[in-house]
Amino acid sequence: MKRLFAVVPLAVAVVLGGFFLWGLNPERDPSEIPSVLISQPAPEFDLPSVPGVDVPGLGRADLTDNPGPVVINVFASWCVPCKAEHAVLTRFVERYGLRLFGINYKDEPKDAATWLSDLGNPYARIGSDRSGRAGIEWGISGVPETFIVGRDGTVLYRYVGPIVGEEAVAKFTTALTQAGALDRELGS
Amino acid sequence: MIRALFLIIMLGLPGLANAVEPDEMLADPNLEARAREISRELRCVVCQNQDIDSSNAGVARDLRLLVRERLTAGDSDTEVIDFVRARYGDFVLFKPPFKPQTYALWIAPFALPAAAFVIGGILLWRARRRASVEDLSDEEEALVAEVLARHGRRDEK
């Protein structure tokens, strides 16, 4: 019994140490908000097109019955990181034939049109969410945010923040591969 | 006198700094009061440790408007909170719900001290029982009597 008590301090130290290791892990982001949408059907929304941009609007119905998974990117012309991310997304579309939809979040149509004509438009559809209500339906906390939605309309993945930099692109590419969104590239 | 007045005004000013802007407020004071109540229960997803009632973030404003819109549409307080929760998850609630994933969170603060008291109590009780005096055996009585007899005599004057 007494011998058993002798190992108690060691056991306490090991348990505490385990918690400290977990807490100090630089990979862990305590402010990360778990998304409730993952593995759930995509929310209902229906957005008109952006005036002055020649792609159609975006609604819930456009997410299903695509040849493969689609990517929905929430962006705005006033969002600076979006500009950096735009180049990454354009490369994905050009190289892998990714099907990319956009939600233009709380943006002036005029600004959005200028932004897209300056940088190019990789989006197949863009919905104009001027009030930000569709953003709430998607549970976003800011721009940019990117979702991967499966063929049946199920949300498979959510990326918060700009997909910029090696690490972020690698993470997103893995998610795309797992979702089967890059199959066409591998098949051809 | 002027300094005291100045102090009172300066201390009172922060109370006026309100995130809820006049154009957001509902005409019905009853509904508005309920909206404020609900807003204080909901966490702002951008500024995280602030409720949406006191946050100036854009999303917080949108959520405040949404809360008021649902209330005007005739939703109950719980329905409004469930509506937001369906989109942002339990994370937006300042009071986490009581369910299997949060049992540890809710029960641990009561269970851990209780366990500590029980274990500590048992240990103390056992230690005290061991320390309690038992009667001397016959041999020990005889030994004590002999020692006392020998030394007792010398102590007397």
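A:Cys79 and A:Cys82 are both buried, where buried means under 20% relative accessible area, exposed over 50% and partly exposed in between, with a 1.4 Å probe and protein chains only. The model is predicted, so local features need pLDDT of at least 70 and side-chain atom pairs count only at pLDDT 80 or more, while totals for chains, interfaces and linings use all residues. Residues are numbered from 1 along each chain as its sequence is written, chains are lettered from A and ligands numbered from 1 in written order, and side-chain values use heavy atoms, leaving out hydrogens and water.

**Cysteines**
- A:Cys79 and A:Cys82 form a disulfide with sulfur atoms 2.1 Å apart; the cut-off for such a pair of cysteine sulfur atoms is within 2.5 Å.
- The torsion about that S-S bond is about 90 degrees, so the disulfide is right-handed.
- Searching the whole structure turns up one disulfide over all chains.
- Over in chain B, B:Cys44 is buried at 1% relative accessibility, and B:Cys47 is partly exposed at 29%.

**Strand S6 of chain A**
- Five of the five residues in S6(A), residues 145-149, are buried, so the strand is largely enclosed by the rest of the structure; strands here are DSSP runs (E, at least two residues), numbered from the N terminus.
- In a regular strand, side chains alternate between the two faces of the sheet.
- A:Glu145, A:Phe147 and A:Val149 sit on one side of S6(A), with A:Thr146 and A:Ile148 on the other, and all are buried.

**Strand partners**
- S3(A), residues 70-75, runs antiparallel to S6(A) with five bridges; strands pair if DSSP finds at least two bridges between them.
- A:Val70 stands opposite A:Val149.
- S7(A), residues 155-160, is also joined to S6(A) by five bridges, antiparallel, and A:Thr146 stands opposite A:Tyr159.
- S6(A) and S7(A) make a hairpin with five residues between them, and A:Gly153 in the turn has a positive phi of about 85 degrees.

Technical notes: Helix = DSSP H or I, 4+ residues; strand = E, 2+ residues; numbered from the N terminus.
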